[in-house]
Amino acid sequence: MKIKIAGLENGTHTYNFKSNVKKLELNKPFDGEVNTKVVLNKFEDQIIIDVTTKIKAYFVCDRCDKDYSSIVESSYKMVYLSMADDTGKDSPDITYVSPNTDKIDISSDVRDYAILAVPMKKLCRIDCKGLCYKCGKDLNEGDCDCEDEIIDERLKPLLNLKNKFKIN
Ligand SMILES: [Zn+2]
Ligand SMILES: [Zn+2]
């Protein structure tokens, strides 16, 4: 994913890149096509890009253990500053490029931000009910019979008391 900046006119330019996880050296959970949209704003001595990437990814739900896929969307902004001398300058959002640079390669940034966008919590859907911890039934498909037993367990001491003191 390279953008030719030599001779680029000042103003807004838009690019759409179609790549794939192999070319971008992305591994699991990503698979398939990588779609990246770049909005580039070129000024006299700087270029600002807004990058949005969508990649399909395959997960196992933390709650119900089912396989599911979703689109992981990542975005970032980067400023490219044209500078002859880049010594001692370092910032995650600024890349210094020599005035002679004719292309910028966004591949490694796209890859890094995609990896950062992988959700910590994997849920097949936000309200996934998960599996019953007793019988293992997928509660998204309906309730199991365990719930009643749990209530019975909680009521047991009360029932015992009731019997003991003959409360009605
Ligand atoms: Zn789930
Ligand atoms: Zn159950």
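This is a predicted model: local features need pLDDT of at least 70, side-chain atom pairs count only at pLDDT 80 or more; totals for chains, interfaces and linings use all residues.
Reader: How many bridges join S4 to S5, and in which sense do they run?

Author: The two strands are antiparallel, and 15 bridges join S4 to S5. Another pair along them is Phe 59 with Tyr 68, the latter in S5.

Reader: What lies between S4 and S5?

Author: Six residues separate them, and the two strands form a hairpin. Asp 65 sits in that turn and has a positive phi of about 75°.

Reader: What is the order of the strands in the sheet?

Author: The order is S2-S3-S4-S5-S6, in an open sheet of five strands with mixed pairing. Strand S2 (11-20) and strand S6 (94-97) are the edge strands, each pairing on one side only. On average, neighbouring strands are turned by 25° against each other, direction ignored.

Reader: Which strands pair in the parallel sense?

Author: S5 and S6 do, over four bridges. Leu 81 stands opposite Tyr 96 in S6.

Reader: And S2 with S3: parallel or antiparallel?

Author: S2 and S3 run antiparallel, joined by ten bridges. Asn 16 is opposite Lys 37, which belongs to S3.

Reader: What about S3 and S4: how many bridges join them?

Author: Ten bridges join S3 to S4, and these strands run antiparallel. Val 39 stands opposite Asp 50 in S4. S3 and S4 also form a hairpin, with three residues between them.

Reader: Turning to the helix, which residues of H1 are buried?

Author: Val 110, Arg 111 and Ala 114 are buried in H1. They lie on the same side of H1 because they cover an arc of only 100° around the axis.

Reader: What covers the buried residues of H1?

Author: The cover includes strand S3 (30-42), strand S4 (46-60) and strand S5 (67-82). H1 packs on the sheet and touches S3, S4 and S5. The direction of H1 makes about 135° with that of S5.

Reader: A change of topic: where is Asp 138 found?

Author: Asp 138 is in the loop between helix H1 (107-116) and helix H2 (146-165).

Reader: Why does Asp 138 count as partly exposed?

Author: Asp 138 has 17 C-beta neighbours inside 10 Å. A residue would need 20 or more to be buried and 12 or fewer to be exposed, so a count in between is partly exposed.

Reader: Which residues is Asp 138 in contact with, leaving aside neighbours within four places in sequence?

Author: Asp 138 is in contact with Cys 64 and Leu 131, once those sequence neighbours are set aside.

Reader: How far apart are Asp 138 and Asp 65 in space and in sequence?

Author: Their C-alpha atoms are 9.0 Å apart in space, and the two residues are 73 residues apart in sequence. Asp 65 is the residue with positive phi in the turn of the hairpin formed by S4 and S5.

Definitions and conventions:
Residues are numbered from 1 along each chain as its sequence is written. Chains are lettered from A and ligands numbered from 1 in the order in which they are written. Two residues are in contact if their C-beta atoms, placed from the backbone, lie within 7 Å. The arc is that of the directions from the helix axis to the C-beta atoms. Two strands pair if DSSP finds at least two bridges between them. Axes are lines fitted to C-alpha atoms, for helices over the stretch in contact, and angles run from 0 to 180 degrees between N-to-C directions.
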